[in-house]
Amino acid sequence: MSVVTLVSGGLDSTLIAHLAREEGLHIYPLFVNYGQRALEAELAACRRSMAKLGLNNLQIADLPGFGALIRSGLTDPNQRVIEDAFTPGRNMLFLLVAAAYAYKVGADAVSIGLLHEETALFPDQTSGFLSEAENIISRIMGRRIRVLAPLASFHKDEVVALAEIKGVEGTYSCHVGGEAPCGNCISCNEFSLRRI
């Protein structure tokens, strides 16, 4: 099986790439520049992580105009990073670009780093969204391309524990993009609000 794995340099997507490699899948890692504030830090972490996994075929989809048009706390430093974090269409954009790339390289599936539905903050982080996205992607591509969320049964504390076991390190998970995590954005808060 071959899969286009959406990778951001963050813990979740890096773990997914690691697990896919362990399963012996043919992986096409894809990073999406959607105009995010944390672009440089994310991309640097992504390149390091993919190199460590021996995945030297990282592709970058440069779509910064999306973030310029669809402004949010993730794309515009003048907006609030938590209160304005919802970036409408972001996950659909990721899946659509990944599916188009999957079509071109003949991959069977795309994977995205969404966690357990209980952790969903936005409508494009649910199992219903993933199911409907797979249906529309298959229709517009003219063939079935599966949409996978390998961590959909995991909470963040379980992701962190598994990543530690697997030796995943050097990732970057902060929406602000500073050298050190801000400690305040949704991504940073996921780590501080882990289930005990």
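Colleague: Leaving aside its neighbours within four places in sequence, which residues is Ser 173 in contact with?

Modeller: In this predicted model, Ser 173 is in contact with Gly 10, Leu 11, Ser 187, Cys 188 and Phe 191, once neighbours within four places in sequence are set aside. Ser 173 itself is found in the loop between helix H6 (156-166) and helix H7 (186-192).

Colleague: How far apart are Ser 173 and Gly 10 in sequence and in space?

Modeller: The two residues are separated by 163 residues in sequence, while their C-alpha atoms are 4.9 Å apart in space.

Colleague: Why is Ser 173 called buried?

Modeller: The relative accessible area of Ser 173 is 18%. Buried means under 20%, so Ser 173 is counted as buried.

Colleague: Where does His 18 lie, and what is it in contact with beyond its neighbours within four places in sequence?

Modeller: His 18 lies in helix H1 (residues 11-22). Leaving aside its neighbours within four places in sequence, His 18 is in contact with Leu 53, Lys 166 and Val 168.

Colleague: How do you know whether His 18 is buried or exposed?

Modeller: His 18 has a relative accessible area of 9%. The cut-off for buried is under 20%, and His 18 is therefore buried.

Colleague: What makes Glu 22 and Lys 166 a salt bridge?

Modeller: The side chains of Glu 22 and Lys 166 meet at 2.9 Å, N to O. A salt bridge requires a side-chain nitrogen of Lys or Arg within 4 Å of a carboxyl oxygen of Asp or Glu, so the pair qualifies. The pair links distant parts of the chain, with Glu 22 in helix H1 and Lys 166 in helix H6, 144 residues apart.

Colleague: Why are Glu 22 and Lys 166 described as partly exposed?

Modeller: Glu 22 has 45% relative accessibility, and Lys 166 has a relative accessible area of 28%.

Colleague: How many salt bridges does the structure hold?

Modeller: The structure holds six salt bridges. One of them is formed by Glu 169 and Lys 52, whose closest N and O atoms are 3.4 Å apart. This pair also links distant parts of the chain: Glu 169 is in the loop between H6 and H7, Lys 52 is in helix H2, and they are 117 residues apart.

Colleague: What makes Glu 169 and Lys 52 count as exposed?

Modeller: Glu 169 has 56% relative accessibility, and Lys 52 has a relative accessible area of 51%. Exposed means over 50%, so Glu 169 is exposed and Lys 52 is exposed.

Colleague: What is the order of the strands in the open sheet, and how do they pair?

Modeller: The open sheet has five strands in the order E3-E2-E1-E4-E5, with parallel pairing. The twist averages 25° from one strand to the next.

Colleague: Why are strands E3 and E5 called edge strands?

Modeller: Strand E3 (59-62) and strand E5 (146-148) each pair on one side only.

Colleague: How do you know that E4 and E5 pair?

Modeller: Strand E4 (residues 109-111) and E5 are joined over three bridges in the parallel sense. Pairing needs at least two bridges, so E4 and E5 pair.

Colleague: What joins E1 to E2?

Modeller: Five bridges join E1 to E2, and these strands run parallel. The bridge partner of Ser 2 is His 26 in E2.

Colleague: What makes strand E1 mostly covered?

Modeller: Strand E1 (residues 2-6) has five of its five residues buried. Ser 2, Val 4 and Leu 6 point one way from E1, whereas Val 3 and Thr 5 point the other way. In a regular strand the side chains alternate between the two faces of the sheet.

Colleague: Which residues make the nonpolar surface patch?

Modeller: Leu 96, Ile 136 and Ile 140 make a nonpolar surface patch of about 240 Å². Leu 96 lies in helix H4 (residues 90-105). Patch residues need over 30% relative accessible area, and Leu 96, at 34%, therefore passes that cut-off.

Conventions: Residues are numbered from 1 along each chain as its sequence is written. This is a predicted model: local features need pLDDT of at least 70, side-chain atom pairs count only at pLDDT 80 or more; totals for chains, interfaces and linings use all residues. Side-chain values use heavy atoms; hydrogens and water are left out. Patches are made of residues with over 30% relative accessible area and no salt bridge: like charges are joined within 9 Å, nonpolar side chains (Val, Leu, Ile, Met, Phe, Trp, Tyr) within 5 Å. Accessible areas come from the Shrake-Rupley method with a 1.4 Å probe; for residues, only the protein chains shown count as cover. Helices (H or I, at least four residues) and strands (E, at least two) are DSSP runs, numbered from the N terminus. Buried means under 20% relative accessible area, exposed over 50%, partly exposed in between (1.4 Å probe, protein chains only). Contact means heavy atoms within 4.5 Å. Axes are lines fitted to C-alpha atoms, for helices over the stretch in contact, and angles run from 0 to 180 degrees between N-to-C directions.
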